[in-house]
Amino acid sequence: MTTAVAIAATTTEARPIVYRTRGSQHGPIIRLMSPGDLGEFLKPFVFLDLFGFDTTGSRKGFGIHPHSGIATLTWLIEGDTAYEDTTGEKGVLPAGGVEWMRAGNGVWHDGAPAPDTKRVQGFQLWVALPAAEENAPAQSIYLAPSQVPSEGPARVLLGRYGAAQSPIPAPAPMNYLAVQLKDGEHWRYTPPAGHTVGWVAVNAGQLDAGDGSGEPIATGELAVFEESGAAIDFVAHGDTSFVLGSAVKHPHDLVMGRYSVHTSKAALDQGEAEIRRIGAQLREQGRLG
């Protein structure tokens, strides 16, 4: 049974959780969402990894790799990360910072723990781009922790919440928030009009989402809410940190390559051709084996 079939919407006064997952483990990475499963239901959010590893082990970085048709947003919770991408950007992103990479027509990027960093933890999200942007020039934006706005317990990684708006231009109506609650603290999220897609993923603590199940969302778990515009009430069990996404549903099919998600086969072919072109340049420069 596919995820899309397994998720059955119901209508109740409270906004229920309709699906939970602990994802799949890939070494130090928990893959909570992919374009071929939950991404089809939660689009424009199509991929989510929760990563965490000690740099003393074998894991030293993510390696240079390509994307097209999507944007990636990396929320760095712990550890400083060195980055470099084919838009020409290069530097170090500190803990609490955000990397936004609109791959568009094609880009390659690399990331690895900065010197003296002992541990790295964070989330990487993929966002499906609208047709008007999926083959646009690549764009990268790096935000220091002081540049990430906040409203109450929420840091606004993308979109707007209350008076806080991310400096990153969202490609479509969506919010992506990083929230910290103390033990027993209550917080209500009321999505903007039209944001019927909603989910949370917990990286520390446990979270009661007021769905009436009595089963909190645990560390390392992603919970999907019924498609509606209803508010969601949260209560923390222990000091709790999580990310939340809400959005207007992406109206296009997901046409997938290995590192790419587009709205059509023609757009995918164009993006993958650009990835190959950039890859050939990197090989000529000795930056790619």
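**Figure 1. Strand 9 and strand 12 in a seven-stranded sheet.** Strand 9 (residues 98–102) and strand 12 run antiparallel and are joined by five bridges. Met101 has Ser140 of strand 12 as its bridge partner. Both strands belong to an open, antiparallel sheet of seven strands in the order 2-3-4-11-6-9-12. Its edge strands, each pairing on one side only, are strand 2 (24–26) and strand 12 (139–143). From one strand to the next the twist averages 15°. Strands (E, at least two residues) and helices (H or I, at least four) are DSSP runs numbered from the N terminus, and two strands pair if DSSP finds at least two bridges between them.

The structure is a predicted model, in which local features need pLDDT of at least 70 and side-chain atom pairs count only at pLDDT 80 or more, while totals for chains, interfaces and linings use all residues. Residues are numbered from 1 along each chain as its sequence is written, and side-chain values use heavy atoms, with hydrogens and water left out.

Figure 2. Strand 7 (residues 81–85) and strand 10 (residues 107–113) are joined by five bridges and run antiparallel; Ala82 stands opposite Ala112 in strand 10. Axes are lines fitted to C-alpha atoms, for helices over the stretch in contact, and angles run from 0 to 180 degrees between N-to-C directions.

Figure 3. His262 is part of strand 23 (residues 261–262). His262 counts as buried because its relative accessibility is 2%; buried means under 20% relative accessible area, exposed over 50%, and partly exposed in between (1.4 Å probe, protein chains only). The His262 side chain reaches the backbone nitrogen of Gly69 at 3.4 Å. Neighbours within four places in sequence aside, the residues in contact with His262 (heavy atoms within 4.5 Å) include Ser68, Gly69, Glu134, Asp253 and Gly271.

**Figure 4. Nonpolar cores.** A nonpolar core is a set of buried Ala, Val, Leu, Ile, Met, Phe, Trp, Tyr and Cys residues joined through side-chain atoms within 4.5 Å. The largest one has 35 residues, and Phe45, Leu48, Leu73, Phe123, Tyr176, Trp199 and Leu222 have the most contacts inside it. Apart from it lies another core, of 22 residues, including Ala154, Tyr161, Ala164 and Ala209. Not counting residues up to four places away in sequence, Leu222 touches Leu48 and Trp199, among others.

Figure 5. Pro149 is placed in the loop between strand 12 and strand 13 (150–151) and counts as buried because its relative accessibility is 19%. Between Pro149 and Ala164 the separation is 15 residues in sequence and 5.7 Å in space, C-alpha to C-alpha. Residues up to four places away in sequence aside, Pro149 touches Ala154, Arg155, Val156, Ala164, Gln165, Ser166 and Pro167. Asn203 lies in strand 19 (residues 197–208) and, at 12% relative accessibility, also counts as buried. Beyond four places in sequence, the contacts of Asn203 include Leu50, Phe123 and Phe242.

**Figure 6. Strand 18 beside strand 21.** Strand 18 (residues 186–189) has Trp187 and Tyr189 on a covered face, and His186 and Arg188 on an uncovered one. Four bridges join strand 18 to strand 21 (residues 232–247), and the two run antiparallel. His186 is opposite Val235 in strand 21.

Figure 7. Most residues other than glycine have a negative phi, and most peptide bonds are trans. The peptide bond from Lys43 to Pro44 is cis, with omega near 20°; Pro44 lies in the loop between helix 2 (38–42) and strand 4 (45–54). Asp116 has a positive phi, near 75°. Asp116 is located in the loop between strand 10 and strand 11 (119–128) and counts as exposed at 73% relative accessibility.

**Figure 8. Model confidence.** pLDDT is the predictor's confidence in each residue, from 0 to 100. The protein chain has a mean pLDDT of 91, with 93% of its residues reaching 70 or more. Over residues 1–12 pLDDT stays under 50, and the model has 15 contacts beyond four places in sequence for this stretch.

Conventions. Polar contact = N/O pair within 3.5 Å; in protein donor to acceptor, adjacent residues only side chain to side chain.
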